[in-house]
Amino acid sequence: MDYYLSVATFAGLNVILALSLNLISGFCGQVSLGHAAFYGLGAYAAALCSVAGLPMGVSVAVGMLVAGGFGIVTGFAALRVREDFLAIVTMGVGFLFLGAVRKQAWLGAEMGIAKIPSPLDKWGYAALAIGGAVAVLLLSLHVRRSWMGRAFGAVAQDEDAARSIGVDVSGYKIAAFFIGTAAAGLAGGIYAHMTQLVVPDAFNFVQSVTILAMVVVGGIGSTLGVVAGAVLLTLMPEMFRFINDYKLLVYGGLLLLVMRFSPEGLAGLVHRVTGRRLA
Amino acid sequence: MLEGVGLGIAFGGVRAVNGVNLRVERGELAGLIGPNGAGKTTLLRLLTGVLAPEAGSVRFEGKDVTRVPIHRRAQLGFVLTHQIVRPFREMTLLENVMVAAASEVTRRPWRALASVEVWPARQRALALLERLGIADAADKPAHSVPLGYLKRMQVARALALEPRLLMLDEPLAGLNYTEAARFADLIVQLNAEGTTIVLVEHNLGEVTRIAGRLLVLHNGAILAEGEPREVMARKDVRDAYLGVQAAHA
Amino acid sequence: MFYLELLLVGLVWGCTYAMMALGLTLVYGLLRILHVAQATVFTLGAYVGLLVANHTGSLAGAFVAAALAAGLLGPLVYRFIYRPILDKPPFVALVASIGLLIAMEDGFRLLFGPYGLSFAKNTWFTTAVGFGGLSLNLVQVWIAVAAVVLLSLFALFATRTRAGVAWRATVSDPSIAESFGVGVSGVRHTSFFIASVLAGVAGVLVGLLNNLVEPGMGSVISYKGLAIIVLGGLGNVPGTLLASLLLGVVESFGTVYLGKLLDRDAIAFLFLILVLMIRPQGLLGKAR
């Protein structure tokens, strides 16, 4: 049972991460190659708070705020550079986070932070992660239906045209980064308490790419597609144990094949087969 | 309504726009023309805020807007359309106009997040599409309709912001003779309904026909302004155009 | 003296970056693709070079074999991965490229083991060369020599040969190039070939420099290569070379003075982010 609970928890966390990146990259069109850094910021901030004796709820909230705060800073960077430049800058943000954490003694350097208090049992974490995933899912669906979603679309499709019809492009970019990174921080906070250990390598570039893989395999911009992508990529290595040894080979290969043959991902496939667009 | 005072900017030592003063009065339909390379596009960019002037200032309804960003100007009622059509390609024509029609709501991200009410913007957008005669393609994605439709959609999108001053950058370019004439008539009509319009145009025939006043730009400065036929009859204006044509030949 | 040594070491690193980044900038200038998978080509070159060197004992043979293998892989990547998706949004090719890199990295791990291989005989590595009190090893000297020679050859190619002129024409405007009868496809394949040969040779040199060839050796240098071409102003060749040397030197001094706060990669990317915030178009890029 424990095994299934931990798989369910990770599926929930991955859905949160993938949906939060989709909000930034899919809805608002701002490519990010450093999403794991915000996951990590949330995890580290929550871990520090909990070790200092704060209750878990408060720690996780602080983690969200810290991640969201740095997200806003990154959003400001997105005002200066676009597209390919932004992709590289966000990748740099990821390396900067890792390189800084690795050298800080008060963050445990390479060893990370251990013995984080863990107030819940396996059921509790699974419920929390899945609850969080559902909350972020509902938020995503709401954003898409709201005027914010349409304004995001305008920013993603043509910034200059968006400006000329009175859309505050900068404000929307920063909002997207804030919401998306704070949600990643939520995942980080839950992760830290569940595993009771955070180390820098859990938030490296490969982790960023893994999150991105879930988004593009599901279909960038499609909420339901991204949920499916996240669940699929979490379960696949578990269902086929042999994949575990070749996890990166499969992930990388999948990214490559999806981009090469169906760049709209699962959502694009559904669209082609049924003629319906996924939300 | 709109006033440019001593506007100037240089690119790599070349003064593209040099101390331009101009006024646009409420309710008029002014045409801004000039031979190729006269600095029309640059002047337009200075007026609309795409470029920041090195010298001079821009006033809109008595308020200095020189440093006001483009989206704020649009919210104030100072709206431009792009020379090259800039639709939101993945949206339908209707959605394109709806985003602009909901400008009150989309102004602030948090307010936009709280609002899901669609139909007022939808009604207004539909009415505008009908007004411009493109309601038949309302539900077609923007990347799939012909240029004439996009040009009209762009005007509809601008009108959805209820502009007090509309700047049209070469709205007739790329249209054939009849389309251009029909479009020009539409511009006259909009003006008659109370929108102040500045028309930057290459199509001299149409612009002299419909504009109430012409401003001629040459070598980055205003060469002449006044009643269209009189302006076009002036020798210096003809020379400016002929000179350029001679140089091209 | 200490500063001079830091400067020199930094410049040598800058030379390896330049060999990597020049190829990336060629590809970007031509296709607007951030060719992350160049790292795969680099690593392949290193492995082929190492295997040939260890079996035949010939370093010259190692370089030739590495250049050939790399030069073959690059155009294949273009033909079978990038070319079919050129009309898609830019992130598509980027993600495909990252996917290829990650998959191949794991592939190298499965083939050659996770811990890396060393050269059986690496005399360059053990030979010290004195430079008026400064000491470098022979690999570092050869890196500098190789970079200068290869990049000069490239400069000659780009300015003096028909293919080079065609390349530059294609970069500035594919349609113009076509009307002059320049084959766009040929130019693209050639560019990938040149980029890949440079990367393959750089792979062997870095393998010799660390006396280690491992599956992940290409990724960090490739990410930095991307940072460099952005820093230099995307698609701008002189900017790329300047940024390569600059980044090498910044890292070399940075690890000494900021080493307690940030690691080497973080220093490089911090530098990149700071420069871009001040000059969003890169060092020598044109304002857009």
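Chain B has an average pLDDT of 86, and 97% of its residues score at least 70; pLDDT is the predictor's confidence in each residue, on a scale from 0 to 100. The model is predicted: local features need pLDDT of at least 70 and side-chain atom pairs count only at pLDDT 80 or more, while totals for chains, interfaces and linings use all residues. Residues are numbered from 1 along each chain as its sequence is written, and chains are lettered from A and ligands numbered from 1 in the order in which they are written.

**Confidence along chain B**

- Helices (H or I, at least four residues) and strands (E, at least two) are DSSP runs, numbered from the N terminus.

**Contacts between chains**

- Two residues are in contact if their C-beta atoms, placed from the backbone, lie within 7 Å.
- Of the two pairs of chains that touch, chains A and C have the most contacts.
- Chain A puts 34 residues in contact with 38 residues of chain C.
- On chain A, this side draws at least two residues from each of α3 (56–80), α4 (83–103), α9 (205–218) and α12 (247–261).
- Helix α4(A) gives the largest share of that side, 15 residues.
- By class, the side of chain A that touches chain C has 24 nonpolar, four polar and six charged residues.
- In this count Ala, Val, Leu, Ile, Met, Phe, Trp, Tyr, Cys and Pro are nonpolar, Asp, Glu, Lys and Arg are charged, and the others, Gly among them, are polar.
- The contact between chains A and B takes 23 residues from chain A and 26 residues from chain B.
- Here α5 (122–145), α6 (147–157), α7 (159–164) and α8 (169–195) of chain A each supply at least two residues to the side that touches chain B.
- The largest share of this side, seven residues, comes from α6(A).
- The side of chain A that touches chain B divides into eleven nonpolar, six polar and six charged residues.
- Chains B and C do not touch, and 12 Å separate their nearest C-alpha atoms.

**Domains of chain B**

- Chain B is assigned domain 1 (1–77 + 163–249) and domain 2 (87–160); such bounds come from an automatic or database domain assignment.
- The centres of the two domains, taken over C-alpha atoms, are 26 Å apart.
- Seven residues of domain 1 of chain B and eight residues of domain 2 of chain B take part in the contact.
- The side of domain 1 that touches domain 2 in chain B has four nonpolar, two polar and one charged residues.

**Nonpolar core**

- A nonpolar core is a set of buried Ala, Val, Leu, Ile, Met, Phe, Trp, Tyr and Cys residues joined through C-beta atoms within 7 Å.
- A residue is buried if 20 or more other C-beta atoms lie within 10 Å of its own, exposed if 12 or fewer, and partly exposed in between, with C-beta atoms placed from the backbone.
- The largest core has 285 residues, and those with the most contacts inside it are Leu255(A), Val97(B) and Leu199(B).
- Domain 1 and domain 2 of chain B each give this core at least three residues.
- Not counting residues up to four places away in sequence, Leu199(B) touches residues including Leu29(B), Leu32(B), Leu168(B), Ile187(B) and Val207(B).

**Strands of chain B**

- Two strands pair if DSSP finds at least two bridges between them.
- Four strands form an open sheet in the order β2-β1-β4-β5 of chain B, with antiparallel pairing.
- Its edge strands, β2 (14–24) and β5 (63–64) of chain B, each pair on one side only.
- Strand β4 (residues 55–60) of chain B is joined to β5(B) by two bridges and the two run antiparallel; Phe60(B) has Lys63(B) in β5(B) as its bridge partner.
- Strands β9 (residues 213–218) and β10 (residues 221–226) of chain B pair in the antiparallel sense over five bridges, and Val216(B) has Ala224(B) in β10(B) as its bridge partner.
- β9(B) and β10(B) form a hairpin with two residues between them.

**Positive phi values**

- Most residues other than glycine have a negative phi.
- Asn219(B), in the turn of the β9–β10 hairpin of chain B, has a positive phi of about 50 degrees.
- Asn219(B) counts as partly exposed because 15 C-beta neighbours lie inside 10 Å.
- Lys115(A) is not a glycine, yet has a positive phi of about 55 degrees; this residue is in the loop between α4 and α5 of chain A.
- Lys115(A) is exposed because 10 other C-beta atoms lie within 10 Å.
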